Amino acid sequence: MTPIVASGTIGTVAVALIAYLLWPTWSTDRSNDPARLPISVGDTLFNVPPLAIRMKIQRHSGPQERIDLNFNYPALDVPAGPKHVSADTVENAQPAIDRIFLAIAAHHDSMAPDVRLNTIYPRYLGQTTSPGPDGLTMRAFRDGTPYDQEDLFFADAPKLSARCTRDGATPGMCLSERRIDGADLTYRFPRSWLAQWRKVADAMDRLTVELHGTKTNPSPG
């Protein structure tokens with residue numbers, strides 16, 4: 001019996017050792033993993049921090065039609081999770097916007113942002129230009145046009161184009177769009193940030209390079 005027991009013990013240990021050595025060590029990406037997710041939008045690859053994605057349903061690798069992101073400004077790191085808000089604190093839970101928002105969507109051969117800037121917008125812009133903050137140039141859209149109550153800001157050094165709503169019941173917001181291969185990137189930020197537009201333009205360029213590795217010329221959407 002002793003040899004039989006010894007052989008059985010040795011066999012069990014051997015099987016356990018082989019199972020341990022062959023057990024797979026890979027795991028699927030989870031939404032809380034700090035590693036970047038490879039996401040394809042319009043057949044264009046982006047490497048995205050999972051916690052920057054605003055919608056949990058979009059936090060997975062592979063092809064997607066659209067992803068919505070946000071980053072702290074000016075640090076450009078990923079935001080922390082939402083804070084708990086109670087009925088007693090809800091009135092004090094509306095902080096100033098300190099994030100830059102980015103939507104990446106497949107364009108499906110729609111009109112490119114630079115074409116819209118050069119051929120569509122001039123039909124609706126007023127004739128006069130006026131100086132904007134820190135060297136920006138502004139042209140207002142005419143009343144009664146599709147872009148009523150909006151203004152177009154642009155500069156060449158650094159390159160920036162942004163279409164902005166005017167301040168009213170809610171603060172004005174700006175959007176600036178650029179195209180990379182099969183995807184359009186639309187950045188949104190408060191109009192008040194135009195006072196530091198050079199830093200905003202640099203932030204958008206940095207995010208574009210970090211996510212895709214390509215710097216592009218921006219145009220409004």
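Two strands are said to pair if DSSP finds at least two bridges between them. Helices (H or I, at least four residues) and strands (E, at least two) are themselves DSSP runs, numbered from the N terminus.

**Before the first selection**

The model is predicted: local features need pLDDT of at least 70, side-chain atom pairs count only at pLDDT 80 or more, and totals for chains, interfaces and linings use all residues. Residues are numbered from 1 along each chain as its sequence is written, and side-chain values use heavy atoms, with hydrogens and water left out.

**The whole protein**

Display the whole protein as a cartoon. The protein contains three helices and eleven strands. Followed along the sequence, these elements give the pattern α-β-β-β-β-β-α-β-β-β-β-β-β-α. Of the 221 residues, 39% are buried; here buried means under 20% relative accessible area, exposed over 50%, and partly exposed in between (1.4 Å probe, protein chains only).

Next, show the surface. The accessible surface of the protein is about 13,300 Å², and 57% of this belongs to carbon and sulfur atoms. Such areas come from the Shrake-Rupley method with a 1.4 Å probe; for residues, only the protein chains shown count as cover.

Then colour the model by pLDDT, the predictor's confidence in each residue, from 0 to 100. The average for the protein is 85, and 74% of the residues score at least 70. Select residues 19–33: the pLDDT there is below 50, and beyond near neighbours in sequence this stretch has six contacts in the model. A contact means heavy atoms within 4.5 Å. Among the contacts in the protein with a separation of 6 or more, 53% are accounted for by residues 24 or more positions apart.

Select strand β1 (residues 37–41) together with β2. These two strands pair in the antiparallel sense over five bridges. Within this pair, Leu-37 stands opposite Val-48 in β2.

The three strands form an open sheet in the order β2-β1-β3, with mixed pairing. Its edge strands are β2 (44–48) and β3 (62–64), each of which pairs on one side only. Neighbouring strands of this sheet are turned by 35 degrees against each other on average, direction ignored. For such angles, axes are lines fitted to C-alpha atoms, for helices over the stretch in contact, and the angles run from 0 to 180 degrees between N-to-C directions.

**Second stop: the sheet of eight strands**

Select strands β4 to β11. They form an open sheet in the order β4-β5-β11-β10-β9-β8-β7-β6, and the pairing is antiparallel. The strands β4 (66–72) and β6 (130–131) stand at the edges with a single partner strand each, so one side of each has no neighbour in the sheet.

Zoom in on β4. Six of its seven residues are buried, so β4 is largely enclosed by the rest of the structure. Strand β4 pairs with strand β5 (residues 99–106) in the antiparallel sense over seven bridges, and Phe-71 stands opposite Ile-100 in β5.

Move to strand β7 (residues 137–140) and strand β8 (residues 150–156), which pair in the antiparallel sense over four bridges. Here Arg-139 stands opposite Leu-152 in β8.

Cys-164 lies in strand β9 (residues 159–165) and Cys-174 in strand β10 (residues 173–180), so the pair ties together parts that are ten residues apart in sequence. The torsion about the S-S bond is about 110 degrees, so the disulfide is right-handed. Both Cys-164 and Cys-174 are buried, and the structure holds one disulfide.

**Last stop: two loop residues**

Select Pro-79, in the loop between β4 and β5. Pro-79 has 9% relative accessibility and therefore counts as buried. Leaving aside neighbours within four places in sequence, its contacts are Leu-51, Asn-70, Phe-71, Asn-72 and Arg-99.

Finally, select Gly-168, in the loop between β9 and β10. Gly-168 is exposed, with a relative accessible area of 56%. From C-alpha to C-alpha, Gly-168 and Gln-149 are 9.8 Å apart in space and 19 residues apart in sequence.

Methods: Disulfide = S-S within 2.5 Å.
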